[in-house]
Amino acid sequence: MAGHFLTTHQRVVDELGRRIVRGVWEPGGPLPVEGALAADIGVSRGVVREAVKALVAKGMLHVRPRTGTRVLPPERWNHLDRDVLRWKQDGDATALLRDTGELRRIVEPEAARLAAGRAGPDDVRVLYESLASMEAAAAAPGRAGYVEADIAFHRALLDASGNRLLGSLGRAVEIALEHSFLVSTQTPGAVEASLPGHRAVVRAVEARDSVAASRAVLALIEAAEQEIAQSPAMPSDTPGGTV
């Protein structure tokens, strides 16, 4: 019973969250009352009440006595929340790609610079192992596992920076990174072209060359933005891809 309730709870959270992202209810406007939502979705009022609490915790709703539940504007949302990222991926993928690309430009070159100065032998080993997984996946039928290996590489780079907040940030936005990877790798030749750039990052970190490491990561990001622009999966004016 508990498992069924949790599944129903998440389904209602997903439904309401997606509606908010799609703009079904205007920011600042009221959310329909519990009874109306329960009848619309086909669940009990208690399930709706718990779902509203979850969305309040994500910064998407605000409950106030006597005035009811209000939809908060996007700038109040927790955009690092995994559910919010999923809903944005489904509802506003272009903006999510832009935000992801801008975040990468701010974070990853500096993370690479720090990694070049701080990475130990184990960090370098993990980077090489992640690179080897990318190369193996690139050669596999259908490139199975490539996106996962690419995510692992960038996670390892952030971890190698020695800054735990950067490592946590990377894990928080992995859904956004995965979406960007899936789009950018649809561009013909993108996967093969990205591998030498990733190897350049590892070699620069291993050589403790902070300038080269930072430049190599920035080059990857710039190349990825071009791949996103050319990807058949997105409009041609979409910036901010990731590889």
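Colleague: How are helices α5 and α9 oriented to each other in this predicted model?

Modeller: Two packed helices are described by the angle between their axes and by the distance between those axes. In this predicted model, α5 and α9 are roughly perpendicular to each other, because their axes cross at roughly 105 degrees and angles of 65 to 115 degrees count as roughly perpendicular. The axes of α5 and α9, the latter spanning residues 174–184, come within 10 Å.

Colleague: Which residues of α5 and α9 meet?

Modeller: From α5, the residues are Ala93, Leu96, Leu97, Thr100 and Arg104; from α9, they are Ala176, Leu177, His179, Ser180 and Val183. Sorted by class, this contact has six nonpolar, three polar and one charged residues.

Colleague: At roughly what angle do the axes of α5 and α7 cross?

Modeller: The axes of α5 (residues 93–118) and α7 (residues 146–160) cross at roughly 60 degrees and come within 7 Å. That angle makes α5 oblique to α7. The crossing of α5 past α7 is left-handed.

Colleague: Which residues of α5 meet α7, and which residues of α7 do they meet?

Modeller: Arg104, Val107, Glu108, Ala111, Ala112, Ala115 and Arg118 of α5 meet His154, Leu157, Leu158 and Ala160 of α7. By class, the contact has seven nonpolar, one polar and three charged residues. Arg104 of α5 is listed in the contact with α7 and also in the contact with α9.

Colleague: Which domains does the domain assignment give, and how far apart are their C-alpha centres?

Modeller: The assignment gives domain 1 (8–76) and domain 2 (92–230). Their C-alpha centres lie 36 Å apart.

Notes. Residues numbered from 1 in each chain as written. Predicted model: local features only at pLDDT ≥ 70, side-chain atom pairs only at ≥ 80, totals over all residues. Heavy atoms only, no water. Domains from an automatic or database assignment. Axes fitted to C-alpha atoms, helices over the stretch in contact; angles between N-to-C directions. Helix = DSSP H or I, 4+ residues; strand = E, 2+ residues; numbered from the N terminus. Parallel < 35°, antiparallel > 145°, perpendicular 65-115°, else oblique. Left-handed = near helix turned anticlockwise from the far one by under 90°. Contact = heavy atoms within 4.5 Å. Nonpolar A, V, L, I, M, F, W, Y, C, P; charged D, E, K, R; others polar.
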